[in-house]
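Dear colleague,

Please find the structure below, together with a summary of what was found in it.

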Amino acid sequence: VQLQASGGGLVQAGGSLRLSCSFSGLTFTSSGMGWFRQAPGKEREFVAAVRKGSYSTYCASSVKGRFTISRDNANNRVYLQMNSLRPEDTAIYYCAATGMKNPIASTYHLPSSYTYWGQGTLVTVSS
């Protein structure tokens with residue numbers, strides 16, 4: 001399974017970016033997808049996820065109302081639309097896939113629910 005994240009870059013506070021993650025190696029619809037981020041000196045934290053099957057979405061409280069996750073099953077991609085970006089959103093953003101795991105809804109924010117990880121894409125928000 002391969003995950004390839006892209007779309008990161010430098011943006012001013014208040015701006016927007018859309019991250020994209022391509023998925024290959026498994027049937028895309030059989031996998032839940034998530035985005036995590038890791039800022040320098042901090043632990044990896046959950047950002048957003050979209051469940052397989054129901055395609056329910058979940059967002060961390062810190063990004064709710066600003067970030068939106070979506071998936072394109074026809075093109076095996078998951079997106080993270082990020083609006084109203086803040087300097088504290090600066091981090092490396094990773095996409096992840098549950099693969100054949102079937103985590104319950106309350107565990108989609110846990111890194112352990114994901115089997116596969118992409119290489120990350122850097123988002124830098126300047127003030």
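In what follows, a residue is called buried when its relative accessible area is under 20%, exposed when that area is over 50%, and partly exposed in between. Please also bear in mind that this is a predicted model.

**Salt bridges**

The structure holds 3 salt bridges.

I begin with Arg 37 and Glu 45, whose side chains meet in a salt bridge with an N to O distance of 2.6 Å. How accessible are these two residues, Arg 37 and Glu 45? Arg 37 has a relative accessible area of 6%, which means that this residue counts as buried. Glu 45 has a value of 35% and is therefore partly exposed.

Arg 37 also forms a salt bridge with Asp 89, where the closest N and O atoms are 2.9 Å apart. Arg 37 belongs to strand S4 (residues 33-38), whereas Asp 89 is in the loop between S8 and strand S9 (91-97), so this pair ties together parts that are 52 residues apart in sequence. Both Arg 37 and Asp 89 are buried.

Asp 89 has a further partner in Arg 66, and the side chains of these two residues meet in a salt bridge at 2.7 Å, N to O. Because Asp 89 lies in the loop between S8 and S9 and Arg 66 in the loop between strand S6 (57-59) and S7, the pair ties together parts that are 23 residues apart in sequence. Arg 66 is buried, as is Asp 89.

**The sheet**

The structure also has an open sheet of 4 strands, in the order S1-S3-S8-S7 and with antiparallel pairing. Which strands stand at the edges? They are S1 (2-6) and S7 (67-72); each has a single partner strand, so one side of each is left without a neighbour in the sheet. From one strand to the next, the twist averages 15°.

Within this sheet, strand S3 (residues 17-24) and strand S8 (residues 77-82) pair in the antiparallel sense over 6 bridges. To locate this pairing in the model, you may look for Ser 22, which stands opposite Arg 77 in S8.

With kind regards

Notes
Residues are numbered from 1 along each chain as its sequence is written. This is a predicted model: local features need pLDDT of at least 70, side-chain atom pairs count only at pLDDT 80 or more; totals for chains, interfaces and linings use all residues. Side-chain values use heavy atoms; hydrogens and water are left out. Two strands pair if DSSP finds at least two bridges between them. Helices (H or I, at least four residues) and strands (E, at least two) are DSSP runs, numbered from the N terminus. Axes are lines fitted to C-alpha atoms, for helices over the stretch in contact, and angles run from 0 to 180 degrees between N-to-C directions. A salt bridge is a side-chain nitrogen of Lys or Arg within 4 Å of a carboxyl oxygen of Asp or Glu. Buried means under 20% relative accessible area, exposed over 50%, partly exposed in between (1.4 Å probe, protein chains only).
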